[in-house]
Each structure stands twice: as structure tokens, then as C-alpha cells.
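Let's take a walk through this protein together, starting with the whole chain and then zooming in. Have a look at the sequence and the 3D picture first.

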Amino acid sequence: MLHTEKIYKGKTLAILSGGGDTPAINSSIENIRKRALLLGFKVYGVRTGWKGLLGDGDIVDLTNQPYNGTYGGTALLSSRTNPFPTEKNPESRVPQIMKNLKRYKIDVLVTIGGDDTNGAAKRLYEQEGIPVIGFPKTIDNDLRTHTTHFYNKQEIDAVLCPGFPTAAMLVSHMARHLRTTNESHQRIMVLEVMGRDAGWLTGSALFGGAEIALVPEYPITQDKKEHFFEVVKKKYQEKENLIIAVSEGVRWWDDEKKEMSMVYASAEKDEYGHKRFGGVSGVVASEISNKLGISARSQISGYYPRSGNCNIYDAKLTSALADKALDLLLREDYGKMPVMNKMVSADGLEEYNTTAIDMGAVGNQPLQDIYYNPNEFNFTDAYVDFLKNILGEPYLPSFGYKYKKVFPEK
Ligand code: F6P
């Protein structure tokens, strides 16, 4: 039993979530809230990310508000508001944020976010001295967490972010479900998966039977395109159906414009300069149909992997990381982010496998070369091993009926 109730009596900790939601944010909020209460903090929630610290502020009291940590999304709501001057909004919001932190007497801020939200938190910590603790989240799994994956005597600098485990599970389910319709129509299904700059999430479609994957880290240049079609044809002929997973942010050679292209759903940029992707699966499917004469369809998984309840892996992961956050709070060790220090299965998601990294080390982490084979357009055994920690063994059912062919009697 921890006898720490009085340590931070009279102090206030506020939690904020920014950027795209994940199924694990409410679980993160609840786990952080409970640890902060143990230390005696009053706990506030800042609604709608950094936006909730602008104007009069949008602050709620979470002290006596238990969260349903299984229900997905973020009950604190989210935004892509950037505190710092941007192309879209050249005015700095930092003075307003500082003013509100003072007005609401917020002593410590915990920011649940990806590279954008935690990058901004880091700058506020460094420039303004705000006591900040970062907390990772992103279904894209591309926030540098320095989680070591031990594989074949190698130490791979991998990533593990809350939200990814549930999203990976859902992408693998979706690919698996698509198999039956795909098998029935002997088609090629091109399944589009979120991931602006990194293909971690796209790789989870393998666990549902995708056999080819295109990711942002390995552009499909003019030279590579021919080879890609050959590999698709060969794979399709083996089984007469095929699932190809593509990241929304894959770079694809445009034959008409004679340039590398990315397919956007909208030209509008958010406050961190990102345009919204969407539609590359349609382009890939129609080029396959035209080139190979095989029926191909596209399917965008879109927000589905971001939706619904948080799975057990994410629940345990957010709990272990919150234990480390408690340790950081106790030591007043700010400007840090709790992370898992190695890839483990659900049983190993405990505080002894966590560490804290300096928020200065936060940034985007693309896939390592060891995880992807650009010749085969597919993920490697090393990636399968990485994902097995989270998803267990791939489950790949198929029709499997062995009908005996009959011929008309003579
Ligand atoms: O949070 C990252 C992400 O999941 C990206 O993969 C995707 O491009 C983006 O969110 C889309 O989010 P929204 O449409 O909510 O801005």
C-alpha cells in the first residue's frame, strides 16, 4: 500500500489528449487519473487538446469522475490545435496557454498524444518550463518509443504505442473477414490502411491473410511498378485470390503525370501541416485491373481501426505506462515520456519492463529495413515476430473445400 496521499495535496494535475483518437485513450486517462489521485493531486481534464487552453479555457474536474477505460475514443475530446505559430495560424497561442495554466492553477500537465501533441508539449517544457509528462498514443505506431525487439540475436529499435495494439487487431480482423468475399469472387482486394508516413499498421493485415503490402517508407517508383505487377500476378495465380494491404500514404508513380504521387481526400491542411489522405487503394486496384485483366476492388478501412473498445493488450499497456508516469511524478522528473523498453507479450506488460525517455527524443519512427522486403513487397519474418507479441499467431482460415470435379457421362 502506497502512503503517498498527502504528497501532492493542494496541487493540480491536468490531462490533455490531442491528435487522432485511438481506442486506448480513455484507458490512458483512467490509468493516469488513478495514479495521480494516489499521490493526492486534484485531477483536471483539458477538453479538445491544446484548444481547451485557449480563450477562457475548457477544463473539467476528473477527480471524482471514474472513466470507463474500455470504451474507446477520448471522452476529453481532441483537436489538432497547435500552440505554436503555423502557416494556417501565424499567431502564437503560447501566451494564452500560459495564462490559462496559471488561472486554473494547473501544476503539472500530462499530454496524451503522438508526435504533434507531444512535440508541442516538449517545446512548451523547454521554452516555458511547464512541468510536462508525455504519454504516447497513435494507431500509426510511428512515435519513437525506443522499444527494443529482440529477434535472432539482434536488437531492433522498434515502436510500441498505445492504440496500435487494438488497431492492429482490427485491421487483421478486417483483412480476414474480406477473405471470404474475396475467395468467392476470385478477386484481388486492395485494403487501404491509415498510416501517413509509416507502414506499421498496414503490416497487421498480414495476420488476416494479406500477402502483399505497400508502405510509405518504400515508394513504388516507375522502375518498381513493373516488378510489382509481376509479383501480384504470380501471387494471384497461386490461389486465384489475393489481398494487398496499402498504407494511405504510399508514394505511387503516376504514369500520366510522370511523377511520384500521393492520393489525398482533401487538399486542406491541418495546423501541423498534414493533408488528409484517402483513395490510393482505388488507384492501385484500377491499375491492376487494367494491366492484368484481373478483377480488383478497393476497400478503405478508414476510421474502423480507430474505433470501438480498447483490447486487453492496450488496457495492460496503458496501465504499465501509467505506473511509470507515477514514478516520474513522484520524482518530479518532467519532460519525459513513459515507454516499454522491450517488446513483450501481454504477460510482460508490467512496470519493470518500462522506462522513461526524454521528450527530446520524441519524433517519427518509420519502419526499420529489417521489417520489410521491397523485392517481395511484403513484411518479413522479423515483423511477424514483432507483431506476434501483440496478436499471437496469425489466424488464416480459407474455404478448404476439395470438391471432386464431375464430367458428363458418355
Ligand atoms: O492519428 C493519425 C491518423 O490516424 C493518420 O493515420 C491519419 O492520416 C489521420 O489520423 C487522419 O485523422 P483525421 O481524419 O481524424 O484528421
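Before we start, one term: the domain bounds used here come from an automatic or database domain assignment. Also keep in mind that what you're looking at is a predicted model.

With that in hand, the protein chain splits into domain 1 (12-145 + 310-361) and domain 2 (165-306 + 368-391). Notice how each domain is written as two stretches of the chain. How far apart are the C-alpha centres of the two domains? They lie 31 Å apart. The domains do touch, and the contact takes 29 residues from domain 1 and 21 residues from domain 2.

Now find helix 3, which covers residues 115-128. This helix has 14 residues and reaches 19 Å from its first C-alpha to its last, close to the 20 Å expected at 1.5 Å a residue.

Which residues of helix 3 are buried? They are Asp116, Thr117, Asn118, Ala120, Ala121, Lys122 and Leu124. Among the elements covering them are strand 1 (12-17), helix 2 (94-103), strand 4 (108-113), strand 5 (132-136) and strand 16 (336-340).

Let's pick one of these residues, threonine 117. Its relative accessible area is 3%, so threonine 117 counts as buried, because the cut-off for that label is under 20%. Leaving out residues up to four places away in sequence, threonine 117 touches Leu16, Gly18, Gly19, Trp50, Thr111, Ile112 and Tyr272. For a sense of distance, threonine 117 and lysine 235 are 118 residues apart in sequence and 41 Å apart in space, C-alpha to C-alpha.

Next, look for a pair of helices. The axes of helix 1 (residues 25-38) and helix 7 (residues 312-330) come within 9 Å and cross at roughly 30°. The crossing is right-handed. On the helix 1 side, the contact is made by Ser27, Ser28, Asn31, Ile32, Arg35 and Leu38. Helix 7 brings in Asp314, Ala315, Thr318, Ser319, Ala322, Asp323 and Leu326. Sorted by type, the residues of this contact are 5 nonpolar, 5 polar and 3 charged. Here's a handy rule for reading such lists: an α-helix has 3.6 residues a turn, so residues three or four places apart point the same way.

Our last stop is lysine 324, also in helix 7. Is this lysine buried or exposed? Lysine 324 counts as buried because its relative accessibility is 12%. Its contacts include Arg331, Pro338 and Glu351, again not counting residues up to four places away in sequence.

How values were computed:
Residues numbered from 1 in each chain as written. Predicted model: local features only at pLDDT ≥ 70, side-chain atom pairs only at ≥ 80, totals over all residues. Heavy atoms only, no water. Axes fitted to C-alpha atoms, helices over the stretch in contact; angles between N-to-C directions. Helix = DSSP H or I, 4+ residues; strand = E, 2+ residues; numbered from the N terminus. Left-handed = near helix turned anticlockwise from the far one by under 90°. Contact = heavy atoms within 4.5 Å. Nonpolar A, V, L, I, M, F, W, Y, C, P; charged D, E, K, R; others polar. Buried < 20%, exposed > 50% of the residue type's maximum accessible area, 1.4 Å probe, protein only. Expected span 1.5 Å × (residues − 1).
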